[in-house]
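Hello,

Here is the structure that I said I would pass on. My notes on it follow below.

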Amino acid sequence: MDRRDFLGTGAVSSAGMLFFPGNLLATTAKEQNKQRLVQPLPYKMDGGWKEFELYIDIHTHEPAPGFEYHTLAFNDIIPGPEIRVNAGDKVRVRFTNRTDLNHTIHWHGLYVPWRMDGVPFVTQLPVMPKNEFIYEFVAEPEGTHFYHCHWGTLMHMQAGMFGSVIVENPDDSIKKRFPYEREYTLVYSSHDTNYIREEMNSMLERMKQRTFLMKEGRFTSEQWAVFDSKEQLMERMEKGYKPPYLTNRRTNSDLPQAQWFTVNGKSYPSTPYLFIKSGENIRIRLINAGAETHHLHMHGHDFWMVADDGVPIEHPWKRNTVPLTPGKTFDIIVEGKNRGIWTFHDHDTRKVTNNGLYPGGNLLALVYEDLPEEELIISKYSGNPMYNPNAGMTNMEGMESMEKDKMARMNKMMFGQDKLPKIALDE
Amino acid sequence: MRKLIYIVLFISGWGYAQITPEFEIGAKGVFSGNLILNSDESSAVSDFSDTQLLMGLQQKLYNDWRTQFVLGLQFPDANSNLGEVFYNNIFVRLEDKKNVVKVGRTLAQTNLNEFPTLRDDDAQRFTYALNPFSDGVNTERDQYANVLEYSRIFKQRLFVSVHGENFYDSREPDDFRLNSMGLTLMYRVPENQRWNRNVLQEIGLSFNNYFTDRPGYSNDFDASVKNVLFSTTANLKPDPINFIDFRFQAIQNFGWDEITQLDDYFDYTRTESTTLFGTLRYLKQKLERPHYQFSMGAGYKSLSNLQTDSDQLLFIANGFYRLGENFDIGLQYRYTENSGFTENLFGQNEHRVQLAIVYSFSKIFNKQFGDREDLLNLEHNYIK
């Protein structure tokens, strides 16, 4: 068993033991939690159009305390801000590329006109450095969708170029069947931060060379690796051009192997909480904008599957684990029927790690706001006599002769405020 | 014994929990057929000297520092007296954004430039400030030393280094004391920003002071051999496809006045001399990779304090063509001209033609953090 397997096994056995920070039920915790949720993108009206502004730039991102990396981000946040419109709205997105790299925006799951689909060289040319492109479409169909860059997708998407698009239906069949007031958008992704760094560096370097050649009028199809037709490609091959992948060739071991797993751009312990009350329904919109599958499991509850790729499911069904594959969106309804603090996490427990260490990744919690404070007290509600701040561990081998004052100090350290949840960073 | 077991357990437990470092491997294989005319040295069918292997392990430390351990070995010339293998790099480097400390054996700062020659030592008498403690049997003792260096980096480009060295002393091979100290100022454009830099890639000045035992002098400074190096690299045509640069280095050796004739290599390195060496290089790139390269260079060494005119001249020209990823075929011609004492010491004028295949490879595995000179770190905030 190698180290990664061991950590994975450890995570399986201990996922249920994960604790979360104290004062979770305080107002300040809820205020702070807003920063962990997707941020809405404001719009202004221009005639009949809802006009949004998105830009892309290089950004320093911190998924968890103490770890930073360079990445690409829409409007300097990961995920990019959420575009929320009504079905049938006329949407205009003014996209500005502030980087020295090429980009586009693809509207994943939306029925946009084909020239607005954001696939470079198929529906449009890439949006060049410091250039602007205006996307226009009518918002349809209803449901949970997302947008992402479609240039250098393998790198640009995991770097952070994605965000949610919610098309609301005022006559929403899901809301009629499961009345709810609160909803959450959770955008999942996975990142090989080393791959991102190396690719961004080489792309920036390459773009400097290409810009130089463009300025001098010496940039060629071979250098760009873009050809007008198959015939042109064949002709260049006969003259010595040897594809595939002359400039960007890499071996299998150079392909990304994600080691950071995020929800809304954050990894545990910076992941968001999902607040709920007993008797309340909440809607959770799950989006996988990454390249890994996430087997999401809710503790203590079954949830209703109500939409698949944004399409409402006519006959919803219950389950407690859902495989969220790359590019997929699911909407689920959680009924507040089991008061407590419950983890909601990837059951492929390699993905509840940060750079190989558990706990981390996309671990988060469903938190009941009406949970009485006293239920958080460790010693009061535990059936195990060991969980008594005065009991000590004198039955443990080697601890028999522990002095009383040292025992008290140890208990103080271990129980702290005698209250759940705690932050556990190493197990 | 019990204590020993505890130590073993401690270390093995440690080993289990450790983070695998970044692992860098570099290899260079130089295989040439040599045709040597008018020389005591014989021609060779297969010369693989200067072939080397380099391994580096790098890791982040606490408090934003990084460390690197480097181990490298080289196959020296057959008559070098260094054995089959010479360990040319064994050092540890500690660095953060603005400071670099290097301890161990590596290239000394007695050469400030990298010239485009087939082997690193092809123009060694013109490109290195030579080790005054060496008997000159090999070139490695001029190039490598046990060093203790501290460099401070200002504004990403200006390197100020204070360094001390223990150069190999052929007369006292077991003396590992500091026998040289120096100061180097170097303005260096980061590697990935050089190709489109207008004119100046790098410029530097270095002062070296060797603590030699000069007969009749008790003061260390007066008794020492001193030299000053000036080096620069200029882009004549900064272009990603047709790139031309010019490299130049001058070494002024402030030798001992009393050496007016050359009886041995010690005299050669300790007498006053002025050395100039420069190369002009043209590099053709195809699809962002090297395609072929031509260069030519010339060196002149004046030994002005000798009784007889003993100046030296060198002309070198070469071309390399890339056969495939990491493989080049190359042809090099070198002419050396000695006169007076240097002819006695190094032999007649020599013509040397070499046809070579060169393999070079360098890659970092298990990458974990960015280099100081990454474009992202240089242009978009340095990440500690």
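Of the 384 residues in chain B, 30% count as buried, where buried means that 20 or more other C-beta atoms lie within 10 Å of the residue's own, exposed means 12 or fewer, partly exposed is in between, and C-beta atoms are placed from the backbone. This is a predicted model, in which local features need pLDDT of at least 70, side-chain atom pairs count only at pLDDT 80 or more, and totals for chains, interfaces and linings use all residues. Residues are numbered from 1 along each chain as its sequence is written, while chains are lettered from A and ligands numbered from 1 in the order in which they are written.

Chain B has seven helices and 17 strands; helices (H or I, at least four residues) and strands (E, at least two) are DSSP runs, numbered from the N terminus. Its radius of gyration is 22 Å, close to the 21 Å of the globule rule for 384 residues, so chain B is as compact as a globular protein of that length. That radius is taken over C-alpha atoms, and the rule is 2.2 Å times the number of residues to the power 0.38. Along the principal axes, the C-alpha atoms of chain B fill a box of roughly 65 × 55 × 45 Å. Of the contacts in chain B with a separation of 6 or more, 57% are between residues 24 or more positions apart; a contact means C-beta atoms, placed from the backbone, within 7 Å.

Chain A comes to eight helices and 20 strands, and 36% of its 427 residues are buried. Among its contacts between residues at least 6 apart in sequence, 74% join residues at least 24 apart.

Now the interface. 21 residues of chain A are in contact with 14 residues of chain B. On the chain A side, β2 (49-64), β3 (67-74), α5 (193-215) and α6 (221-224) each supply at least two residues, and α5(A) gives the most, with twelve. By class, that side has seven nonpolar, seven polar and seven charged residues. Here Ala, Val, Leu, Ile, Met, Phe, Trp, Tyr, Cys and Pro count as nonpolar, Asp, Glu, Lys and Arg as charged, and the others, Gly among them, as polar.

Elsewhere in chain A, helix α7 (residues 230-238) has zero buried residues out of nine, so it lies largely in the open. A:G240, which follows α7(A), has a positive phi, near 115°.

- An open, mixed sheet of four strands runs in the order β4-β9-β8-β6 (chain A). Its edge strands are β4 (80-86) and β6 (106-108) of chain A, each pairing on one side only. β6(A) and β8(A) (residues 143-148) run antiparallel and are joined by three bridges, with A:H148 in β8(A) as the bridge partner of A:H106.
- An open, mixed sheet of five strands has the order β12-β20-β19-β14-β17 (chain A). β12 (273-276) and β17 (321-324) of chain A are at its edges with a single partner strand each, so one side of each has no neighbour in the sheet. β14 (residues 294-298) and β19 (residues 341-346) of chain A pair antiparallel over three bridges, and A:L296 stands opposite A:D346 in β19(A).

Regards

Definitions and conventions
Two residues are in contact if their C-beta atoms, placed from the backbone, lie within 7 Å. Two strands pair if DSSP finds at least two bridges between them.
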